[in-house]
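Subject: Structure handover

Hello,

Here is the structure for your files. My notes on it follow below.

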Amino acid sequence: MLINNADHRTSIFKNLISVIMIFMLIIMNSPIISFALYWNMEDVITLHIKLSLLDNKPLPNAEIIVKPTIYSTHEYTGKTNNDGVATITTEYNAITKTVYIKVYYWIYGEIYSGKINVDNENITITLNYTIFKTSINIYNEYLEPASITYKLLYVFGNNQTMLLENNTATTQILINGVIDNHYLLLNNNTLQNYVLQLNTMEKHSITIRFNQEIIEEKKIIVDTHNPIVSVERSTYSIRKINHEYFYKILLTINICDGVNTEDTRLYVKYYYPKEKEQEPFKIYLAGFKTNGSTTISIYNVSSSGIINETNKTLILNITAVDPSGKSTTLFKTIYLSILTKPNHTSTTTTTTTITTKYSIGKNTSTASNTLFSTNTSNLSTSYFNPPHSGGGEAEALAYIYYLGPIISATLLLYEFIRLRLGE
């Protein structure tokens, strides 16, 4: 029997091409095989996940979401019990023997995310939080107990949630760390989000952000009083120079505002009746003195000018403004017309009459920042599935994507060789 050499060579090439294609399919499709095995029921596991805080306390009422990979659209959820444990049956990545876990808790949203090995079905996750417990005393700027009512808010971005409200006047705020069966969580990132809205008996509204100093000192100082202003001494004099009379005014003014004294600013201006406001006085900080534990700022102020021929009366406006914007104003009248003799000098005694003026807007304490938004709304937490696959699925799809052109190129090569041999 004669064997056609062309047919024999064609048969050899066909077999060779078949072997090459099978080899390439095995290599290229190994991830696909793994991907298929990935969804096999043998890759399901029941995990017992325990959440603990830094002080070893369990975290109940937390929602745990488990996914086989970070990009998987399959997810399995459970909620921790009073022991901080959630039991979840889930698929897992059979290649790496891991799952991806996220933890959501109450107003805080996502508080943990990470990849966990599932060689052991009992998993313990220690969260970077402690329980927020504190006792804070409220004082005014003179370090005397101050009566307040308060609200405790948790502010995150544009959202805020009211946690506590106390409408009974108190000088102490106690926070025990538990609200509505949830823990108040504390770490360096959440401390600033706790905000106290204080209302004093003087009807001042004050907002305080918690910081480390407040936690350590266990004390909040609220600015409830207006500055105290007094004129210790005032001297007026008139001198005649080149047929014109010039007056000179010298004042010594004391300011007291407790711990805010050194940050309280003094402004002094004078007016002619029915005329526009004149230039302000020159003001010099002469120093400080103490009265018991209270500091007093001493200012020297001066001004001079030509006596108005039609009106020899000046009205002084002496105003002290504290850091929160509250102010105290003294109006003092000086009758220069009574100083009829040139080079005459008049000295007055201490003036302590005080009128009060409140500036528009909210007042803040010396240890706080002002929050302008105080409407309460719930902080919402949204869960979403990524719009694409990833992990093992993504690798498989990528291989499938490239497999088509490779197979096509192999078939074209086969047809080319077959046609050549057929010649």
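Ile49 is in contact (heavy atoms within 4.5 Å) with Ile64, Val66, Gly84, Val85, Ala86, Ile88, Ile101, Ile123 and Ile125, leaving aside its neighbours within four places in sequence. This is a predicted model, where local features need pLDDT of at least 70, side-chain atom pairs count only at pLDDT 80 or more, and totals for chains, interfaces and linings use all residues. Residues are numbered from 1 along each chain as its sequence is written, and side-chain values use heavy atoms, with hydrogens and water left out.

Ile49 is also among the residues with the most contacts inside the largest nonpolar core, together with Leu59, Tyr194, Leu198 and Phe210; that core has 53 residues. A nonpolar core here is a set of buried Ala, Val, Leu, Ile, Met, Phe, Trp, Tyr and Cys residues joined through side-chain atoms within 4.5 Å; buried means under 20% relative accessible area with a 1.4 Å probe, protein chains only. The core lies between domain 1 (44-127) and domain 2 (135-172 + 190-224), because both give residues to it; the bounds come from an automatic or database domain assignment. Another core lies apart from it, with 23 residues, including Val229, Phe281, Val301 and Leu314.

Buried residues make up 41% of the 423 residues in the protein chain. Of the contacts between residues at least 6 apart in sequence, 66% join residues at least 24 apart.

The secondary structure comes to four helices and 27 strands, taken as DSSP runs (helices H or I, at least four residues; strands E, at least two) numbered from the N terminus.

Regards

Conventions. Buried < 20%, exposed > 50% of the residue type's maximum accessible area, 1.4 Å probe, protein only.
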